[in-house]
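Please read the points below with the sequence and the model side by side.

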Amino acid sequence: TSRYNAAEVEPRWQNVWAERDVYRAEDESDKPKFYALEMFPYPSGRIHMGHVRNYAMGDVVARYKKAQGFEVLHPMGWDAFGMPAENAAKENGGHPKDWTYGNIDAMRAPMQRLGFALDWSREFATCDEAYYKQQQAIFLKFWDKGLVYRKTAKVNWDPVDNTVLANEQVIDGKGWRSGAVVEQRDMDQWFFKITNYAEELLEGLDTLDRWPEKVRTMQANWIGKSEGLEMRFEFCGFTTAIERRNSEHLVADKSSPEILKNNTEVLHGLSENCFNEAEQGIEIFTTRPDTLYGASFIALSPDHPITKGLAKTNSEIEAFHKKCAQIGTTEEAIATAPKLGFDTKLKVKHPFTGEPLPVWIANFVLMGYGTGAIFGCPAHDQRDLDFARKYDLDVTPVVLPEGESAESYDVENEAYTGEGILFNSDFLNGLAKDEGISAAISKIEDMGLGKGVTNYRLRDWGVSRQRYWGCPIPVIHCEDCGVLPVPEKDLPVALPYDDIDLTIPGNPLDRHPTFKHVDCPKCGKAARRETDTLDTFADSSWYFARFAGGNTDDRPFDKKAASEWLPVDQYVGGVEHAVLHLLYARFFTRGLRDCGLLNLPSGEPFAGLFTQGMVTHAVYTDENGNFVVPADVDEKDGKLINLETGKPVHKGDVIKMSKSKKNVVDPDDIIKTYGADVARWFVLSDSPPERDVEWTESGVVGAWRFSKKVWSLVAGVEKGDPMVVAANASGEALELRRFAHKAMEKITSGIEAFRFNTSVAQIYELTNALSKYKTNDDAKMEALGILIRSIAPFMPHLAEECWQALGGDELVYHAPWPKVDEDMLVEDTITLPVQVNGKRRSEINVPADMAKDDIEALARADESVVRSIEGLTIRKVIIVPGRIVNIVAN
Ligand code: ANZ
Ligand code: ZN
């Protein structure tokens, strides 16, 4: 038999596929549609094993669905805007555009060498003018629809990269790329109004039953719905106006004359605007109004308007504010920072008791959430408790855990946040938590001090970036006419290529000699073009619709085609995108729907989602602690050495492949040595797809041997019809048929359930069974036909070569998925134990569906049974079908 030579076979089939254009998806097909998609790659310059695993999984699904009779869309493109291109240009002096397109070209070839069933006719990069032109059109449509707005906002400013960072890009208070300490700045920013859809985005999660539970939970937490109460705490001495309106609920102010005097002095020292606001009291948001009787202080955010007003005349507050600003704006940073507080000496009145409560400024209160002010209940909130212990404030428990007694219950250093019965709480006493919440809300509403509200943690999406390599925001600022959209006929606002100097800090578009200068589209006077570009997450929020709806130039995508393909039936990608990318895409599809661009009533872009594990590898180091690439490591006399230097090498942890640890294996090297099929097979075979898979040389060699074994099986038989059904098989041939169909059933259910490793295990079994079967008959041909078709989604080149060798007509890609013969799944014979008077005397082999009478006759005729009932008379024969035969004789 001839040797299998992947290096020759693989490109040959790739050419056939390309020439026949077999992977092109037809919009107009009558077949049911299936859209398979993997998160498109960032063109960093090279393909890594993570890509191979990600795309191999999507490819299994795409090929399998095709064989099942679906019209499959499986496209590929490039998520091409972003900082790395600018950084590379800065370091190497090139141009971000050249770098990006160069990388795309460098990556397309190895990607094609992997033999994925991709419709390359739909390829694009998000940095293509044609693409971002349509993104600008979408931006303007969203603006018309009220989904885009501009406001001043506090931003994380990276003073080294000179750019605004998203919260996620701030790690431990430092910029993720520059490592510089992040500052806070106020800037005019563009926002997408994702909060319009907060409730819908949350409710939609319940319909996504083919998404991992953990991803849905993460999204739900990010949206962070909470029901609570917004209410005012009035300053002592400043309550009359309100009390007159609600005199029946008047609660007497129990504060002292000193308090009233101080409140009056401080508040009257505020500027007029600020005083007018403060006079209304402090508006807080709480999810636990049941704990109001446990309130021991009020805390304002350092950025609260009242704090700011106070800071104008009080330099200590000003200094305190500065100190808080150094922590950064991320919630995580704020949550983990030590509690800092400042006592304003102002006092507000408790709404139920009339007792004065101190007003503090506290660093753990965020301005961006709720109202930027809280009441602190230390006994039942850990942050409040930490704060109270530090500043010696009262701790009054009001929720009694089950089994505790009201007299002895106390809270030390751990707040009690669980369920319980309210006590120390006057009219709320005896109520459970939820009853208490409702009762407190009703009371506050009656008093005219507030109302029940729903709050979402979700913030609007700030999309302004002061960077060059992104989609320009299509807006013009005119001194007379204000902020105007760029007229549609003038789109795209193209990125200038020349005069881009990235070695100077700041936004290159802002200092570009011509980009900014534009005439006002309304009055014609000199105006200023917006120089912010869009967050690159916008680019990846609708690319799947563009793939589906074609490369149209007059609209973002063809509505009919996109609406028919969407939602994506199976999306595959990294769990690192569980929150932002997926949430932004879910927002975009809703916006596109509501702008009439897409017919997608559910608004959900991805019906099925799978998040795959990573590819890991051991880290190798030499004696000096330098990392050594695996390709340079060899084993000699049982010891690891560096091939280059001959020196010993130490094997360390097995971790995610990463350039910095040099524990990477280049897919292209593997393709050259073993072939693409082997690389694909290996990343799918060893672990469940959601887990990490460890790349090992021995594992790859095993996969390679397996591919050879399959080929030798096929090469040993004469050409025939691999679609044959050996209907009349008997004996060993029938056994083989049964084995093949049983394996097939498990292979199929493995693919359906995204458990490719179990499918692989079954393919191994079937291969073993086939190599033991020496007769070249129809049963063997049928089993081989099944084997090759089930291998095809995993190792498509080998499968094509084998299919041809077996005599299959057309490509295996066009062959239908093997149909399981249900008859082959039933066990044909079963073994029944036979007891005589409760003692096991024999066993009989019978067809599984044999009638009771026939079984009885067989049992009675059995030699050992006959011997053991000699001289006795059979009184009764009890048959438990499928289990046992019992003979009673005496
Ligand atoms: C009083 C209280 C008592 C609270 C108690 C909790 C427990 P979620 O569920 O995440 O919405 N809070 C409100 N606004 C805040 C802000 N801007 N910065 C920091 N904390 C804020 O959280 C709502 C709770 O977080 C609110 O309920 C408030 O503290 C706090 F036993 O009010 B609570
Ligand atoms: Zn104008």
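1. K662 sits in the loop between β30 (649–656) and α19 (667–673). Helices (H or I, at least four residues) and strands (E, at least two) are DSSP runs, numbered from the N terminus. The phi of K662 is near 60 degrees, a positive value in a residue other than glycine. K662 counts as partly exposed because its relative accessibility is 39%; buried means under 20% relative accessible area, exposed over 50%, and partly exposed in between (1.4 Å probe, protein chains only).

2. This is a predicted model, in which local features need pLDDT of at least 70 and side-chain atom pairs count only at pLDDT 80 or more, while totals for chains, interfaces and linings use all residues. Residues are numbered from 1 along each chain as its sequence is written, chains are lettered from A and ligands numbered from 1 in the order in which they are written, and side-chain values use heavy atoms, with hydrogens and water left out.

3. D426 also has a positive phi, about 45 degrees, although it is not a glycine. D426 lies in the loop between β15 (421–422) and α15 (433–446). With a relative accessible area of 55%, D426 is exposed.

4. Two cis peptide bonds deserve a look. One joins L491 and P492, with omega about 0 degrees; P492 belongs to the loop between β20 (482–485) and β21 (517–519). Another joins L566 and P567, again with omega about 0 degrees, and P567 is in the loop between α17 (559–565) and β24 (570–574). For background, most residues other than glycine have a negative phi, and most peptide bonds are trans.

5. Which protein atoms are the donors of the zinc ion (ligand 2)? They are the SG atoms of C478, C481, C520 and C523, lying 2.2 to 2.4 Å from the ion. Donors here are N, O and S atoms within 2.8 Å of the metal (3.2 Å for Na, K and Ca); water is not among the atoms, so sites may look incomplete. The spacing of the donor residues in sequence is C-x2-C-x38-C-x2-C.

6. The zinc site is tetrahedral, with angles of 105 to 114 degrees among its 4 donor atoms; four donors count as tetrahedral if all angles lie between 85 and 135 degrees.

7. Ligand 1 has 18 residues around it, of which S226, T286, L366, Y369 and R457 come nearest; a residue is near a molecule if one of its heavy atoms lies within 4 Å of it. This shell divides into 8 nonpolar, 6 polar and 4 charged residues. Ala, Val, Leu, Ile, Met, Phe, Trp, Tyr, Cys and Pro count as nonpolar, Asp, Glu, Lys and Arg as charged, and the others, Gly among them, as polar. β9 (282–286) and β13 (373–376) each supply at least two residues of the shell.

8. Oxygen atoms of ligand 1 lie 2.5 Å from a polar side-chain atom of R457, 2.7 Å from a polar side-chain atom of S226 and 3.1 Å from a polar backbone atom of T287. Taken alone, ligand 1 exposes 650 Å², and the protein buries 88% of that; accessible areas come from the Shrake-Rupley method with a 1.4 Å probe.

Key: Polar contact = N/O pair within 3.5 Å; in protein donor to acceptor, adjacent residues only side chain to side chain. Tetrahedral: all angles 85-135°; square planar, octahedral: opposite > 155°, others 65-115°.
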